[in-house]
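Please read them with the structure open beside you.

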Amino acid sequence: MSRASRLRKIATPAERILWSQLRNRTLSGYKFRRQHPIDRYILDFYCPEARLAVELDGSGHAYIGRQQKDRTREAFLVAEGIRVLRFWNDEVRENLDGILQAIWYALEESGQRDHPSP
């Protein structure tokens with residue numbers, strides 16, 4: 001399967017909610033990309049400035065086989081110097097402010113530059 005065919009054109013409801021808060025430098029001026037390819041993986045959201053990936057997981061990620069694939073993927077990304085934050089889709093709907101704050105803290109820990117708090 002080619003990389004282009006793996007890109008999803010239709011976002012999940014949780015992705016649409018989070019993307020509305022990350023796009024157009026809305027989160028303290030940080031630039032995010034949606035469905036960003038890194039090697040053989042497609043990241044849900046990626047901030048190149050901070051080398052931060054944000055992944056949203058649905059119920060399919062609760063299965064053992066999928067969890068192993070997620071660990072392999074995350075190990076690869078960490079080896080590439082990319083930090084990964086994972087959240088459940090339900091968390092986006094139930095605690096969006098908490099997720100945005102966690103993302104902002106991770107961005108600030110990258111030490112790239114000072115941004116105002118969200």
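1. Contact here means heavy atoms within 4.5 Å. On that basis Leu52 touches Phe45, Tyr46, Cys47, Ile82, Arg83, Leu85, Ile103, Ala106 and Leu107, with residues up to four places away in sequence not counted.

2. A word on the source. This is a predicted model, in which local features need pLDDT of at least 70 and side-chain atom pairs count only at pLDDT 80 or more, while totals for chains, interfaces and linings use all residues. Residues are numbered from 1 along each chain as its sequence is written, and side-chain values use heavy atoms, with hydrogens and water left out.

3. Overall layout. The chain has 5 helices and 4 strands. Helices (H or I, at least four residues) and strands (E, at least two) are DSSP runs, numbered from the N terminus. Their order from the N terminus is α-α-β-β-β-α-β-α-α. Of the contacts with a separation of 6 or more, 60% join residues 24 or more positions apart.

4. Burial. Of the 118 residues, 39% count as buried. Buried means under 20% relative accessible area, exposed over 50%, and partly exposed in between (1.4 Å probe, protein chains only).

5. The sheet. Four strands form an open sheet in the order E1-E2-E3-E4, and the pairing is mixed. E1 and E4 are the edge strands, each pairing on one side only. Two strands pair if DSSP finds at least two bridges between them. Neighbouring strands are turned by 45° against each other on average, direction ignored. For such angles, axes are lines fitted to C-alpha atoms, for helices over the stretch in contact, and values run from 0 to 180 degrees between N-to-C directions.

6. Strand pairs. E2 and E3 run antiparallel and are joined by 3 bridges. Tyr46 stands opposite Ala53 in E3. The hairpin of E2 and E3 has 4 residues between the strands, and Arg51 takes a positive phi near 55° there. E3 and E4 pair in the parallel sense, over 6 bridges. Glu55 has Arg86 in E4 as its bridge partner.

7. Why is E3 largely enclosed by the rest of the structure? Because 6 of the 6 residues of E3 are buried. Both faces are covered. Leu52, Val54 and Leu56 are buried on one side, and Ala53, Glu55 and Asp57 on the other.

8. Helices on the sheet. H2 lies across E1, E2 and E3 and runs at about 35° to E2. H5 packs on the sheet as well, touching E2, E3 and E4. The direction of H5 makes about 175° with that of E4.

9. The buried face of H2. Its buried residues are Ala14, Glu15, Leu18, Trp19 and Leu22. Seen down the axis of H2, they fall within an arc of 125°, so they line one face of the helix. That arc is taken from the directions from the helix axis to the C-beta atoms. These residues pack against E1, E2, E3, H4 and H5.

10. The cores. A nonpolar core is a set of buried Ala, Val, Leu, Ile, Met, Phe, Trp, Tyr and Cys residues joined through side-chain atoms within 4.5 Å. The largest has 22 residues, of which Leu18, Leu22, Phe32, Leu52, Ile103 and Leu107 touch the most other members. H2, E2, E3, E4 and H5 each supply at least two residues of this core. H5 gives the most, with 6 residues. Apart from this core lies another, of 9 residues, including Ile38, Leu43, Ala53 and Val84.

11. Backbone points to check. Ser28 sits in the loop between H2 and E1. Ser28 has a positive phi of about 55° although it is not a glycine. Is Ser28 buried or exposed? Its relative accessibility is 11%, so Ser28 counts as buried. The side chain of Ser28 makes a polar contact with that of Trp104, at 3.3 Å. A polar contact is a pair of N or O atoms within 3.5 Å; within protein, one must be able to donate a hydrogen and the other to accept it, and residues adjacent in sequence count only if both atoms are side-chain atoms.

12. Two further positive phi values. Gln35 lies in strand E1, and its phi is near 55° in a residue other than glycine. Gln35 is buried, with a relative accessible area of 9%.
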